[in-house]
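Morning, everyone. I have one model to show, and I'll keep it brief. Please look at the screen.

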Amino acid sequence: MKHISQRFFAFACSTAVFLPALPITAASAEGTDSYAFPDSYVSALYDDYDPIGQDYLTVSVPEKQSMKIEIVQHSPERENLKLFSIETESTDAEAMYHFRLEPGSYTICLSNSKVRDGGLDASWISDFVIDNADYAAEEDMFFWTEYKLLTKTDTLDDAEKWHAPEIVSDATKNQDSTYRYRETEIVFSQYDRLLGDYDGDQAVTSLDAQKTLEYYAAGLSETSLDTPPTNAQLAAVDIDGDNSISPSDAQEILSMYLELMNAQS
């Protein structure tokens, strides 16, 4: 199997918020037939990944949102190995994604966009643990848990300052004597603007590219624009998500416009 370093994984999830480890302690696995496990799971990147037990992670994605989900496992057998990597599609309803896991320690990265239909440039990273990672126990000896991440989106006004994803609630709950689950609610902030739409007319045009270049040039010459852009405008034209505006951003906006024109012709 191909291994991935922790350093590379953290770099890939740029603009990240690093949070403390979230340990999970499961209850007894006896009597689990009374609980309805998810019918389908997201496939791992490796065909030979077949975890023992019934532990799993659930990630909720709000309606009309897309999100990138990556999970890396840290164990003697799969140290720093990326087990899952998917980019979800926008849907008209909340979607649930289930990942089957085995006892061990993990790092998860959820990535979303600062603007509607934008690039995945805002990330939340955390470590978590599913106990009893000895890999020697028989299947019926494993405890099991569900680790649930509920994600939501806070729509910002143009003048508001974008803020990094944050936890609004976090609790470990016992349903009965058979299992325990950890539920964490995370809120991503997002401007209701199209990627590349500087002037807010709900369309990407050559004028957006021009205005973006004018803002960059004003910064170089240390002059002020008559109407300074809002935080939402800057987020919309930061195409590469590096928290700065450059000629390459303007070029990307122009390319987006030309692609739209070609598609309509």
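**Cores, strands and a helix pair**

Start at leucine 57. Leaving out residues up to four places away in sequence, leucine 57 touches Ile71, Tyr97, His98, Phe99, Leu101, Ile108, Phe128, Tyr147 and Leu149. Contact here is heavy atoms within 4.5 Å.

A word on the source. This is a predicted model, where local features need pLDDT of at least 70, side-chain atom pairs count only at pLDDT 80 or more, and totals for chains, interfaces and linings use all residues. Residues are numbered from 1 along each chain as its sequence is written, and side-chain values use heavy atoms, with hydrogens and water left out.

Now the cores. A nonpolar core is a set of buried Ala, Val, Leu, Ile, Met, Phe, Trp, Tyr and Cys residues joined through side-chain atoms within 4.5 Å. Buried is under 20% relative accessible area, exposed is over 50%, and partly exposed is in between, with a 1.4 Å probe and protein chains only. The largest core has 26 residues. Leu57, Ile69, Phe99, Ile108, Leu110 and Leu149 have the most contacts inside it. Elements giving two or more residues to this core include β3, β10 and β12. A second, separate core has 16 residues, among them Trp162, Tyr191, Tyr198 and Ile253.

Element names come from DSSP runs, numbered from the N terminus: helices are H or I with at least four residues, strands E with at least two.

Next, strand pairing, which takes at least two DSSP bridges. Strands β3 (residues 55-61) and β10 (residues 145-156) run parallel, joined by 5 bridges. Tyrosine 56 has glutamate 146 in β10 as its bridge partner. β10 also runs parallel to β12 (residues 180-194), with 12 bridges. There, threonine 153 partners phenylalanine 188 in β12.

How do helices α2 and α4 pack? α2 (residues 206-221) and α4 (residues 247-264) pack at about 175°, axes 8 Å apart. So α2 is roughly antiparallel to α4, a label for angles over 145 degrees. Axes are lines fitted to C-alpha atoms over the stretch in contact, and angles run from 0 to 180 degrees between N-to-C directions. Among the α2 residues in this contact are Leu213 and Tyr216, and α4 brings residues including Leu254 and Tyr257.

Last, two loop residues. Glutamine 202, between β12 and α2, has a positive phi of about 65° and is not a glycine. Asparagine 243, between α3 and α4, also has a positive phi of about 65° without being a glycine.

Terms used
Angles under 35 degrees count as roughly parallel, over 145 as roughly antiparallel, 65 to 115 as roughly perpendicular and the rest as oblique.
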